[in-house]
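Hi,

Here is the structure I promised to pass on to you.

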Amino acid sequence: MRLPLSFTLLLGLASCAPEPDASQDSTPESESSALYTGPVTTGIWYSTWYANEGRYIWSRGHGVGSSAQMLGDVNGDGRADAVVYFSSTGDWYVATSNGNGFNSYTRWISGHGVGSSTQMLGDVNGDGRADAIVYFSAGGDWYVSTSSGSAFNPYSRWISGHGVGSSAQRLADVNGDRKVDAIVYFSAGGDWYVSTSSGSAFNPYSRWISGHGVGSNAQMLGDVNGDGRADAVTYIASTGDWYVSTSSGSGFNPYSRWSSGHGIGSSAQRLGDTNGDGRADAVAYFSSGEWKVATSSGSGFNAYSLWSAGHGAGSNTQFLGDAYGKGRVAPVTFTAADGTWRVLDSSKYLQPNIMNTWEAWDIRYLPRTHGVYQVYDSKDATVIDEHLATIESAKIDFLLLDETNNLDVDQGYIKARALEVCARIGQKRSAGALSTPRYAIAIGGIQFDHQPATLELEAVKVWNEFVQSAKCVTPDGYFQLDGKPLLVVYAEYADRLAWESWTGSKTASSRFTVRWAQGSVRASSTQPPQSDWRLYYGWGMPDGALANDEVMVVMSGWNNHRGWFVSRTYNGVRGGFYQQLGWSRVNQQRPRLAIINSFNEYAEETAVAPTDTSGLTGTSEKWLDAQGNLAPDMYWNMTVQANATRKQ
């Protein structure tokens, strides 16, 4: 239910729940209805949004306190490595890339660059390895420490007097000889001076163009036309204009505008080959975490489009580099406070959570998976089977699959994993394993646009893609209530009333028994009124399970990091909220349905599945027993015991 990064809903109220009244440990007689005497059913919310298709956090702790951070292939294996520089000592630390993360960092040189103004990486001698270069503004001195592949060699001065008074210093191969050259830019006159590399020194500098970039906000170098020579590119923030002066190999040609309106409001601009066609593209980064790219046609930048979203908000530095070694750059970010480097494979994923939900949402819980505390992917059939067996052993009858943030949100990756769950359930039940729990779907698109028609559209999709889908093998796998498939709709109270009074066609929803969930359901609120508690299957129940004869929801606690915090400890008892204000009430009232929130909702911290919580920090509560010891099975054992009592 939590909506990090790509999601926009704010759940519940913008305040913490008050401590539930201790007098409510037992449901008062006035709140209770006549006890239900028929067969009872138990369901459990289940999240299918856990992707684990590659690392997103590539390094932690690398570069804390550093003065500069860079990307470059320092060992010549075709992958960009993470390099940091410390100004006080001239230490350079390198964490090489293995294609799915940065290895542990080591110091490659000390004392190189103390007092320097600019630090850079580039292959100045053409051996395929990026070298460490520093620039001193006072004398225009450039010092180079070449890479051996495992360290930076002793530094030496390659040129003096180049760039004194310049506004920017850059490295790029402007003459196409596969060695990067030393380029400086002067803002007053738009002058660009180049000192080409001989492989062992920088040659005397000369002016390659004048008047290019006066008034510009960023100056870059990259091979935008694919001829093997880096071109001089400038960016104007107010208009989003990108001007290009291509390289002839001995000078920069007259500039022309390649794009307009691209990047207005952006906080960083970069050049890099994002699609692997050999031409550098124009990339703009926005502090919200959006990256927009205008690919190069060779003679202009095409219309820009969204390249990545939710990647880098709060970061201090943003890079483009081929960390994967795929022949195209990926967006990379660095966060100074904790030295975290994040890398997204934007050739496959628009957003980080689609690639690795655990790391994108910084989920530190480690569920027990195949006997080991480790993260998983919700589409993994062996994980699904393990979860189904665990849930079945607790005598839980159905899973309520949480698809409440729109069925097709985030390129449909959550729904795709829900379909894998329904497929495994269908396969098992069709093979005769009739004790396998069924599933139902919870939707919630109406919460975003508040349009009753949206509920109907999602109901059509659930019917076609789940209830009647061949993917799900058999309709028998879908849980039915009152003779129809159960459909839970996450909507705030006003949205529910709007749908109920709506006169449009309800053909789709009429196929289902429709029930509801909302941000929080409070004992003291009239939205919904007490008479409607029987219609609500969640979401938050900050006052504990609310008594009625139809359905009661039990929560272990709640921390959505957006205003709601309900401690798992109650009356000084760890796990007391779950036991005293949850299951004790349920088993006293004995409603027709009990709904557990949740099996594995770690983002909002309502999970009860066996889990290692030792890595939790901040306001997240570790699962501790009465003696203060970590207890990974604590809440699952409570669940099994309480539901066994319920099913007696």
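The crossing of helices H8 and H9 is right-handed, meaning that the near helix is turned clockwise from the far one, whereas a left-handed crossing has the near helix turned anticlockwise by less than a right angle. Helices here are DSSP runs of H or I with at least four residues, strands are runs of E with at least two, and both are numbered from the N terminus. H8 covers residues 576-589 and H9 covers residues 634-646; they pack at an angle of about 15°, and their axes are 9 Å apart. The axes are lines fitted to C-alpha atoms, for helices over the stretch in contact, with angles running from 0 to 180 degrees between N-to-C directions. So H8 is roughly parallel to H9 (angles under 35 degrees count as roughly parallel, over 145 as roughly antiparallel, 65 to 115 as roughly perpendicular and the rest as oblique).

Before I go on: this is a predicted model, where local features need pLDDT of at least 70 and side-chain atom pairs count only at pLDDT 80 or more, while totals for chains, interfaces and linings use all residues. Residues are numbered from 1 along each chain as its sequence is written, and side-chain values use heavy atoms, with hydrogens and water left out.

Back to the helix pair. Which residues of H8 meet H9? They are Tyr 578, Gln 579, Trp 583, Val 586 and Asn 587, and on the H9 side you will find Tyr 635, Met 638, Thr 639, Ala 642, Asn 643, Thr 645 and Arg 646. Contact means heavy atoms within 4.5 Å.

H3 brings Ala 381, Ile 384, Asp 385 and Leu 388 to the contact, and H4 brings Glu 420, Val 421, Arg 424, Ile 425 and Lys 428. In this contact 5 residues are nonpolar, none are polar and 4 are charged.

Is Arg 417 buried or exposed? It counts as buried, because its relative accessibility is 4% (buried means under 20% relative accessible area, exposed over 50%, partly exposed in between, with a 1.4 Å probe and protein chains only). Leaving out residues up to four places away in sequence, Arg 417 touches Thr 48, Tyr 50, Ala 51, Glu 53, Asp 377, Ser 378 and Lys 379. From Arg 417 to Asp 377 is 40 residues in sequence and 8.6 Å in space, C-alpha to C-alpha.

How many disulfides does a search of the whole structure find? The search finds 1. The partners are Cys 422 and Cys 472, with their sulfur atoms 1.9 Å apart. This pair links distant parts of the chain, 50 residues apart: Cys 422 is in H4 (residues 413-430), and Cys 472 is in the loop between helix H6 (452-467) and strand S30 (480-481). The link is left-handed, with -70° about the S-S bond. Cys 422 counts as buried because its relative accessibility is 0%, and Cys 472 is buried at 0% as well.

The peptide bond from Gln 527 to Pro 528 is cis, with omega near 5°, and Pro 528 sits in the loop between strands S32 (513-520) and S33 (536-540). The bond from Gly 538 to Trp 539 is cis too, with omega near 10°; Trp 539 lies in S33. Arg 178 is not a glycine, yet its phi is positive, about 70°. Arg 178 is in the loop between strands S11 (168-172) and S12 (181-186), and is exposed, with a relative accessible area of 71%.

Finally, the overall picture: the protein chain has 9 helices and 38 strands, and 57% of its 648 residues count as buried.

Cheers

Terms used: Disulfide = S-S within 2.5 Å. Nonpolar A, V, L, I, M, F, W, Y, C, P; charged D, E, K, R; others polar.
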